[in-house]
Amino acid sequence: MPKTSARLLSLLSLLQARRDWPGALLAERLDISPRTVRRDVDRLRELGYPIVASKGPDGGYRLDAGAELPPLLFDDEQAVALAVALQIATTTGAGIEEAAARALTTVRQVMPARLRRRIDTLRFTAVEPSVIRPNPQVDSGVLMALSAAVHAREVLRFDYAPASPAGATDDDRVGPPPRRAQPHHLVTWGGRWYLVAWDLDREDWRTFRADRITPRTPTGPRFTPRELPGGNVAAFVAGRFKGLDGAGDWPCRGEVILGLPAADVSRYTRDGVVEELGQDRCRLVLGSWSWPGLAATIGRFDADIEVVGPAELKDAFARLARRYADAAGGASDTPVTPPPVVT
């Protein structure tokens, strides 16, 4: 019979592996008597593990949730996955970076040497996003409150801090607080956290920046969830960040012929259509927020460009040509028509 301490660890590992365990099966797996199982369960309870027993001929045991977090056991793969996830958690913007770093240190200290070596070989550096649009930190308590309201399907009341005028979207330009909304999804996009919700005052779908939300208590009444446009939260959010009410197209979309193979262009095109026209020619249909932005994106391909349309894209290329010529110390003779403002 194994020593008591080793047997307790084995019992705890089994209880964590599945929800319910018949007492006879536990005794068989541990090669001990049912009476010893009962004694070991009592010892684990004394250590703070909330183990619930069910009576009857098929009675057994279940590791339940408790008021405090007792020590946990992980197998090798779980421990490695946990360590990697904690490293990634330091860049989520969820306000848990310091806690994740401390947890990673704790997990690594108690790992056996073979697992520490595996973790060390998996170490990586998470590169922060561009400082052009820094990602604000979100209080973890706010994320928990938003997630709880989504789960409970309760109307959320909250203050929403105004956005700076530069770079604000329709969802950022808000009225006076408090806001009332039916929360549906908590999502992360481009390093920022957003709440997708039905705005009760505006009677429309909105995406709210989580770092600007201050929840109010208590929450409102429960509600029956509406169907999200398109039925897919990923497609809905992607559409919103293209400036649309739901999934759809960019506000500016153009078509060009590039002097490059389609395989080379499609490798660097995430949201566009590439059509092969020959060995070294392809058609590219691409979208963007603005015509100059679209022209600059297409210009990153080191190839000859033939603009198929529309005229706004041609004007944007002419404007960039003059701008680049001025930057190079010359002057472009190409007349430029200012591109229209896209709203």
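Mentor: The discussion below takes up salt bridges, helix faces and nonpolar cores in turn. This is a predicted model, in which local features need pLDDT of at least 70 and side-chain atom pairs count only at pLDDT 80 or more, while totals for chains, interfaces and linings use all residues. Residues are numbered from 1 along each chain as its sequence is written, and side-chain values use heavy atoms, with hydrogens and water left out.

Trainee: Why is the pair arginine 180 and aspartate 201 called a salt bridge?

Mentor: A salt bridge requires a side-chain nitrogen of Lys or Arg within 4 Å of a carboxyl oxygen of Asp or Glu. The N to O distance between arginine 180 and aspartate 201 is 3.1 Å, so the pair meets the criterion. By this rule the count comes to 12 salt bridges.

Trainee: What makes arginine 180 and aspartate 201 a tie between parts apart in sequence?

Mentor: Arginine 180 lies in strand E5 (residues 179-189) and aspartate 201 in the loop between strand E6 (192-199) and strand E7 (204-209), so the parts tied together are 21 residues apart in sequence. Helices (H or I, at least four residues) and strands (E, at least two) are DSSP runs, numbered from the N terminus.

Trainee: How do you know whether aspartate 199 is buried or exposed?

Mentor: Buried means under 20% relative accessible area, exposed over 50%, and partly exposed in between (1.4 Å probe, protein chains only). Aspartate 199 has 0% relative accessibility and therefore counts as buried. Its salt-bridge partner is arginine 202, with the closest N and O atoms 3.7 Å apart; arginine 202, at 33%, counts as partly exposed.

Trainee: What joins the side chains of arginine 7 and aspartate 40?

Mentor: They are joined by a polar contact of 2.5 Å. The term denotes a pair of N or O atoms within 3.5 Å; within protein, one must be able to donate a hydrogen and the other to accept it, and residues adjacent in sequence count only if both atoms are side-chain atoms. Arg7, Asp40 and Arg43 are also linked in a network of salt bridges. Arginine 7 belongs to helix H1 (residues 4-17) and is buried, with a relative accessible area of 5%.

Trainee: Why are the buried residues of helix H2 said to lie on the same side?

Mentor: The buried residues of H2 (residues 23-30) are Gly23, Leu26, Ala27 and Leu30. They cover an arc of only 100° around the axis, which puts them on the same side of H2. The arc is that of the directions from the helix axis to the C-beta atoms. The face turned away from that side carries the exposed residues Ala24, Glu28 and Arg29.

Trainee: Which strands do the buried residues of H8 pack against?

Mentor: They pack against E5, E6 and E7.

Trainee: What makes a set of residues a nonpolar core?

Mentor: The members must be buried Ala, Val, Leu, Ile, Met, Phe, Trp, Tyr and Cys residues joined through side-chain atoms within 4.5 Å. Of the 19 residues in the largest such core, Val256, Leu258, Val265, Leu284, Ile298 and Leu313 touch the most other members. Strand E9 (252-258), helix H9 (262-266), strand E11 (281-288), helix H10 (291-299) and helix H11 (311-327) each supply at least two residues of this core. Apart from it lies another core, of 16 residues, including Leu8, Val41, Ile51 and Tyr61.

Terms used:
Contact means heavy atoms within 4.5 Å.
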